[in-house]
Amino acid sequence: MRNKIWHSVILIGVLLLGGCVTEGPPELTAWPTEKRVQAHIDLGQSYLQRGKLDVARESFEKAIQVDPKSSKAYHGLGLVEAQQLNMS
């Protein structure tokens with residue numbers, strides 16, 4: 001199960017790194033909205049667990065751009081804010 005999660009995270013990371021072009025990789029933009037949102041949320045959670053708060057914030061914000069009603073994305077963004085407040 002853990003390997004499956006890591007493979008998913010790595011696949012998503014590779015797809016997002018390909019997104020450095022202006023329109024992003026067609027594979028990711030062709031995904032259904034729910035899958036794109038979940039991919040950004042999963043990445044955000046992974047970065048959050050590793051303490052990479054700036055990158056986690058970007059991932060959650062991208063999820064919100066795709067679906068402004070995503071409560072999971074807002075929750076993740078709140079967790080980033082809380083950790084940043086605790087660090088100050």
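Trainee: Why is S59 called buried?

Mentor: S59 has a relative accessible area of 7%, and buried means under 20%, with exposed over 50% and partly exposed in between (1.4 Å probe, protein chains only), so S59 counts as buried. S59 lies in helix α4, helices being DSSP runs of H or I with at least four residues, numbered from the N terminus. Leaving out residues up to four places away in sequence, S59 touches H40, L43, G44 and Y47, where contact means heavy atoms within 4.5 Å.

Trainee: What should I keep in mind about the source of these values?

Mentor: This is a predicted model, in which local features need pLDDT of at least 70 and side-chain atom pairs count only at pLDDT 80 or more, while totals for chains, interfaces and linings use all residues. Residues are numbered from 1 along each chain as its sequence is written, and side-chain values use heavy atoms, without hydrogens and water.

Trainee: Why are α3 and α4 called roughly antiparallel?

Mentor: Their axes, which are lines fitted to C-alpha atoms over the stretch in contact, lie 8 Å apart at an angle of about 165 degrees. Angles run from 0 to 180 degrees between N-to-C directions, and those under 35 degrees count as roughly parallel, over 145 as roughly antiparallel, 65 to 115 as roughly perpendicular and the rest as oblique, so α3 and α4 are roughly antiparallel.

Trainee: Which residues of α4 make the contact with α3?

Mentor: On the α4 side they are L53, V55, A56, S59, F60, K62, A63 and V66.

Notes:
Helices (H or I, at least four residues) and strands (E, at least two) are DSSP runs, numbered from the N terminus.
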